[in-house]
Amino acid sequence: MNIALPSPEFLHGLAKVAEQKTLQSYLNNQTIDISTKVKEGFRFDPVTNIDRDTEKLLRQAISQQYPEHSIMGEEFGRTQGDSLFEWVIDPIDGTRPFLCGLPVWGCLIGLLYDSKAVMGIMSQPYTGDRFWSDGQASWFAGRLGTVQIKTRQSVPLNQAILHTTSPESVDIYQKNNFGLLKKQVLMTRYGGECYAMAMLAAGHIDICVEYSLQPHDIAALIPIIEHAGGVVTTIEGHRPEQGGAIIASANAQLHQDVLQILNTEE
C-alpha cells in the first residue's frame with residue numbers, strides 16, 4: 001500500500017501517553033470510579049474514569065498532530081475528519097483484569113486507511129511490553145530488547161494452542177462448534193484478553209477465538225497479527241475491522257481448518 005503512514009515514533013508517543021495515565025491508578029483501586037455499560041450476554045461490562053481520561057489525552061495528542069484524521073474511541077464515539085485515515089482507540093482493553101491487578105490488559109491504538117487496519121500498537125504499561133506494526137512488519141519491545149515477531153507458520157491443528165478470553169462469550173454465541181475445536185487442538189487457555197492476540201503474533205499462541213468484539217477491541221491488533229504472518233477474519237471469513245465474532249490464526253491453512261470446524265453444521 002503506497003501511502004504515507006505516520007511514523008512509528010508517533011505511535012510510540014501515543015502509547016507513552018496512555019501508559020503514563022493508566023499506571024497512575026493501576027493497583028490502586030481507590031482512585032478508580034467504576035460503572036458498567038450495557039453489553040448483550042454480560043451482566044457486568046466495566047468502564048472507569050481512567051478509560052475516559054486516557055482517551056481524552058490520546059484524542060488531544062492525535063488532533064494536535066493530525067487534525068484532519070478521524071478518531072473513534074470506545075468511550076466517546078467517532079469524530080469525523082477530512083481524510084481517509086481514522087484512529088481507533090481502546091485506552092484500557094481488558095478493564096476486568098485491570099481492576100483485578102492482572103497485567104494482561106493493554107492500551108490499544110490502531111490506524112485505519114480507507115477502512116482497513118494498517119498500523120497498530122498494543123502496550124502493556126505495567127510490564128513495559130509493546131507489540132506494534134509499522135505498516136510492513138511486526139515488532140516486540142520489552143526487557144530483553146526489540147525483535148521482529150512472526151507467527152508459527154507450520155503448526156498443525158493437533159499441535160495448536162487455542163485461546164479465548166471468557167467462557168461467557170462462547171456460551172452466548174450458539175452458532176459454532178467451539179467444543180469440537182477444543183477437542184482437536186493441543187490445549188486451550190482462557191483469560192488473556194488482548195495480550196493473547198499479541199502472543200499469537202509473537203508465535204506463542206496459534207488460534208484466538210473471540211465472539212463479541214467491538215471495532216476498538218480488534219483494530220490495533222489486526223496489522224500486528226497480519227504483518228507477523230497471521231490471518232484475522234470474522235467467523236464468516238470477512239474482514240474483521242468492524243468487530244463481531246473474530247478468529248485469528250497463526251497461518252492460512254490453520255485458519256481455514258478453524259473456520260471449517262466452527263462453521264460445520266452438526
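Which residue just after α6 takes a positive phi? That residue is Gly203, with a phi of about 90 degrees. A word on names: helices (H or I, at least four residues) and strands (E, at least two) are DSSP runs, numbered from the N terminus.

Before I go on, two remarks on where the values come from. This is a predicted model, where local features need pLDDT of at least 70 and side-chain atom pairs count only at pLDDT 80 or more, while totals for chains, interfaces and linings use all residues. Residues are numbered from 1 along each chain as its sequence is written, and side-chain values use heavy atoms, with hydrogens and water left out.

Now α6 itself. How many of its residues are buried? Nine of its nine residues are buried, so the helix is mostly covered. Buried here means under 20% relative accessible area, exposed means over 50%, and partly exposed lies in between, with a 1.4 Å probe and protein chains only. Among the buried residues of α6 are Glu193, Tyr195, Met197 and Leu200.

Next, the salt bridges. I use the term for a side-chain nitrogen of Lys or Arg within 4 Å of a carboxyl oxygen of Asp or Glu. The structure holds six of them, and I will show some.

Start with Arg152 and Asp206, whose closest N and O atoms are 2.6 Å apart. This pair links distant parts of the chain, 54 residues apart. Arg152 sits in the loop between β10 (145-148) and β11 (161-164), and Asp206 sits in the loop between α6 (193-201) and β13 (207-213). Arg152 is partly exposed, at 32% relative accessibility, whereas Asp206 is buried, at 0%.

Then there is a pair within one helix. Glu55 and Arg59 meet in a salt bridge of 2.9 Å, N to O. Why can they meet? They are four residues apart in helix α2 (residues 49-65), which means about one helical turn between them. An α-helix has 3.6 residues a turn, so residues three or four places apart point the same way. Glu55 counts as buried at 0% relative accessibility, and Arg59 counts as buried at 11%.

Last, a network. Which residues are linked in it? They are Glu226, Arg239 and Glu241, joined by salt bridges. Between Glu241 and Arg239, the closest N and O atoms are 2.6 Å apart. Glu241 is buried at 5% relative accessibility, and Arg239 is partly exposed at 40%.
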